[in-house]
Amino acid sequence: MDILPILSTLRRHKVTSLLLILQIALTCAIVCNAVFLIGQRLRLMDLPSGVAEHELVQVQLGYIGASPDDKAQTATDLAELRQIPGVKQVALARYLPFTLDGSANAGLKLDPQQQQNTLEAETYFGPNLLPTLGTQLVAGRDFDPGEYLDFDAVVAALNRGDLTGLPHTMIITRPLAERLWPGQDALGKTIYVGNGIPFRVIGIVAHLARPYIRQDGSEYSTIWPIRMTPADGASYVIRTAPQDREAVLKAVVAKLRQLNPNRVVLKKRTYDDARNDYFATDRAMAGILGGVIVALLIVTALGIVGLASFWVAQRRRMIGVRRALGATRVDILHYFQTENFLLATIGIALGMVLAYGINQFLMLHYELPRLPASYFPVGAIALWLIGQLAVLGPALRAAAVPPVVATRSD
Amino acid sequence: MFSYYLDLALRSLRRNIALTALMVLAVALGIGASMTTLTVLHVLSGDPVPGRSAQLYRAQIDPLDASGYRPGQTQPPDQVTWIDGMNLLREKRAERQALMTGGQVAVQPDNTMLDPFYEAARYTTADFFPMFGVPMEYGRAWNAADDEASARVAVISAALNERLFGGKDSTGQTLRLSGAAFRIIGVLGDWHPNPQFYDLSRKSYGQNEGVYVPLSTSQDVGMNQDGRVDCWGNGGSGKNPSHTGLCVWLQFWVQLDPSAAPAYKAFLVDYSAQQKALGRFQRPPNVRLRNVIQWLDYNQVVPDDVRLQTWLAFGFLLVCLVNMMGLMLAKFMRRSGELGVRRALGASRRALFAQLLIESGVIGLVGGVGGLLLALLGLWLVRRQPAAYAALAHLDLAMLVATFLLALGASLLAGLLPAWRACQIAPALQLKTN
């Protein structure tokens, strides 16, 4: 196919061609970035939590009045809940990965004299946390039952300045261990919290995400041997088989109500639901971006159809002359397809530059990484395809113009 | 002349219904998307206390230890400790001042038809109500004497009053909150500040608290605190934040005439220096005094996603306009014959230009109506989103007018270039070629 005649025709429609190129470029740039943003969201939604997500249910209680016998009540609750058929493990936890309930962070130091914290990490408390959450220990050991201290006693000791009343062991995640001591064995090493309170690392778990996704390490989590109760704000976390979750949840709530009616159920849900809620906005955003991509491609495709139809109508005589001079229908079809391909290619090239610019702008204003080069072909292929599809109808109509048109004057 | 041009425009648009529909649809989609996101942005960045926001200041001081302090860069914490909050409150250096925090209380209705439930609460000193201009439907708010006496009094929201008492005047009734008996002394009127500027640590948008009790009383009764707590050094917070000076968990607001703000800031510096001299503070005085709007800006209260969506919608609008421009141009150029005849018959370029602009204006207007409908649909979709601000997404009159101006302006702008190009036609040439 000879490109020169096409170019010379386009030169006669400079402004219209430029507008079409601009539209393709803008669409390409926005589509590249939108696809990238969707990819980012989906990547977030796929992050591992480190817990047995499909096997957990959670019940949070709030006392109505004072709760002086809270510890005894909690012990009774735990014993009774373990009796419920289908219940495999029970723990009390304040926060869970990827839930909107809140988080508690502590600054960690490697040297008690350090001025700045090395980093901030999530602090998970609660008895029996690892077996219940299904978090896999890859080195060291879990806490001994005797190692646990009561939450209120720890806070009281801290406020008294009595460091003997504090825990001194900790389990950390592997990503945190690798960040704190790259290439070394973290077991037995010491972490300092607050004004140099030492904690010895006794265990390492493979994964345990923080409640909130943060740029500085989504898996910087620590587990402390601290026992919490519902009055401290902890909720019951129960592990069961995936198919038993609904039944167990119902039975647990009924049992807890029966054990002490003087409290309100603040939350009852499966972990899957909680995680779903956490990512709801990301899912919505991915949906919106997807909708915008589709709408943009449709508008651009319709625009190409409209313009191509005009050009075909305008060039009927020219087409007739070419046909009369021996051009086949396929030649005419190819002419319009090539024309569209040329415009699309120029538009895509410009679009790549624009896409890069938009990404730079987004990086500046939002916490986004650089657009990887692999996203550029996505926009290019989408627009080439859309262009060819859109131009097919008008091009076929052009190919159907009979040679006799050349002899008519309209 | 205008009606004649309008007639010509309508004829021309009718001649090619599909193309006209395509242009209108493109404009409507672009306008609809932009208006939806603009409305959300407008609602979310609104002034929560109109008329007062310039006189309300959030006071920040820096009681943290020296660790991590970078002079000139480190911002003081958003909240204050119990000790500092009480000290600043007692000094009474502003016209009004309020110290507050959020919480959750168990509500036990007397009405046995209702199960007990938990309700968001605000524990605050008395100036909260006059400072923020909180309207009262029934009764009154408490006063400084009630604060002093840790009176068991409560103010409830209109929504909670509706739920508990069917909306009737409930003042004088007793309500059990977190196990203690409180006397209801007031019911709030229609008050829904959004964003919830006074405590952004819990949530930025949505329904405000149902229960309001004096801060001192909440501490006596041991009501649950709910919201951000930041501790340093060996500070720790249990079920309820400690009253030691190592955790910040209270919000401190003052009302000042803007002219008095520098003096109040100087007072905060003096206070910090004095506390440092006493050995309580370790950092040099590091204070901020931000009014409501500055405070919302500093906290970047409008979600990033909403701003991103606005950019996206305007990118989309731009594509739609370029699309319309291309189609208009192609259409006008195809009519060069007709335009040439009109030129030859004596129509000035200016007249042609006006005629063509009216044609694109008509598309803009119809597109604007379509865009408005799409924006209503878009806002309905936004309200179904899981975000906390979703319920706030409603179109108001200002946005309605803005929709039309935007649609008309955009399509006139998009019609400018094609109309100008089409007017450049030499009449004779066009007559000849045909």
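The secondary structure of chain B comprises 14 helices and 13 strands, where helices (H or I, at least four residues) and strands (E, at least two) are DSSP runs numbered from the N terminus. With a radius of gyration of 30 Å, well over the 22 Å that the globule rule gives for 434 residues, chain B is more spread out than a compact globule; the radius is taken over C-alpha atoms, and the rule is 2.2 Å times the number of residues to the power 0.38. The model is a predicted one, in which local features need pLDDT of at least 70 and side-chain atom pairs count only at pLDDT 80 or more, whereas totals for chains, interfaces and linings use all residues. Residues are numbered from 1 along each chain as its sequence is written, while chains are lettered from A and ligands numbered from 1 in the order in which they are written.

The C-alpha trace of chain B spans about 95 × 60 × 35 Å along its principal axes. Of its 434 residues, 47% count as buried, a residue being buried if 20 or more other C-beta atoms lie within 10 Å of its own, exposed if 12 or fewer, and partly exposed in between, with C-beta atoms placed from the backbone. Among contacts in chain B between residues at least 6 apart in sequence, 77% join residues at least 24 apart; two residues are in contact if their C-beta atoms, placed from the backbone, lie within 7 Å.

Chain A contains 12 helices and 13 strands. The C-alpha atoms of chain A fill a box of roughly 105 × 50 × 35 Å along the principal axes, and buried residues make up 43% of the chain.

Four strands of chain A form an open antiparallel sheet in the order β2-β12-β1-β13, two strands being paired if DSSP finds at least two bridges between them. The edge strands, β2 (89-93) and β13 of chain A, each pair on one side only. The twist averages 20 degrees from one strand to the next. Helix α8 (residues 271-278) of chain A packs on this sheet, touching β1 and β13 of chain A, and its direction makes about 80 degrees with that of β13(A). Axes are lines fitted to C-alpha atoms, for helices over the stretch in contact, and angles run from 0 to 180 degrees between N-to-C directions. Five bridges join β2(A) to the antiparallel strand β12 (residues 235-239) of chain A; Gln89(A) has Arg239(A) as its bridge partner in β12(A).

Between the chains, 48 residues of chain A are in contact with 43 residues of chain B. The largest share of the side of chain A that touches chain B, 16 residues, comes from α9(A).

The largest nonpolar core has 108 residues, of which Cys28(A), Val27(B), Cys320(B) and Met324(B) touch the most other members. Such a core is a set of buried Ala, Val, Leu, Ile, Met, Phe, Trp, Tyr and Cys residues joined through C-beta atoms within 7 Å. Helix α9(A) gives the largest share of this core, 16 residues. Beyond its neighbours within four places in sequence, Val27(B) is in contact with residues including Cys320(B), Met324(B), Ile363(B) and Ala407(B). Another core, of 68 residues, lies apart from the largest one and includes Leu160(B), Leu215(B), Val292(B) and Trp295(B).
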